[in-house]
Amino acid sequence: MVDPEIREELAGYRQSIDNIDAALVHMLAERFRCTKAVGVLKAKHQLPPADPAREEYQIERLRRLAKDANLDPDFAEKFLNFIIKEVIRHHEAIAADRSQPAGNAGATHSA
């Protein structure tokens, strides 16, 4: 049998983890909302979906933030690279949708 105090402490940690997970989902949703707006703006003005200089800046900044927070900078970089790839994929899709004639706006392309 587990000591009730240990069970309560464990429940407290689990509640915090659940709250953090919920906050992360909401923060990622907001980030993708903003990056979608960037994608629409880029497509409207025929700018490239990817911005290597911006990506490099973001990675360097995130690595520094991770190090300051005692988080593995390599993990943080991998996480950001995943997000960047998703953002670029969405920006490319937005650009492709904007370049299609009005009658084919919902068409998809296979890679």
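Modeller: A salt bridge here is a side-chain nitrogen of Lys or Arg within 4 Å of a carboxyl oxygen of Asp or Glu. This is a predicted model, so local features need pLDDT of at least 70 and side-chain atom pairs count only at pLDDT 80 or more, while totals for chains, interfaces and linings use all residues. Residues are numbered from 1 along each chain as its sequence is written, and side-chain values use heavy atoms, with hydrogens and water left out.

Colleague: Why is the contact of Glu 30 and Arg 33 called a salt bridge?

Modeller: Their N to O distance is 2.7 Å, and the definition asks for within 4 Å, so the pair qualifies. The two residues are 3 apart in helix H1 (residues 4–44), about one helical turn; helices are DSSP runs (H or I, at least four residues), numbered from the N terminus.

Colleague: What makes Glu 30 partly exposed?

Modeller: Glu 30 has 38% relative accessibility. Buried means under 20% relative accessible area and exposed over 50%, with partly exposed in between (1.4 Å probe, protein chains only), so that value falls in the middle class.

Colleague: How do you know that Arg 63 forms a salt bridge with Glu 77?

Modeller: The closest N and O atoms are 2.6 Å apart. The pair links distant parts of the chain, with Arg 63 in helix H2 (residues 52–68) and Glu 77 in helix H3 (residues 73–99).

Colleague: Which residues are linked in a network of salt bridges?

Modeller: Arg 63, Asp 74 and Glu 77. The whole structure has 4 salt bridges.
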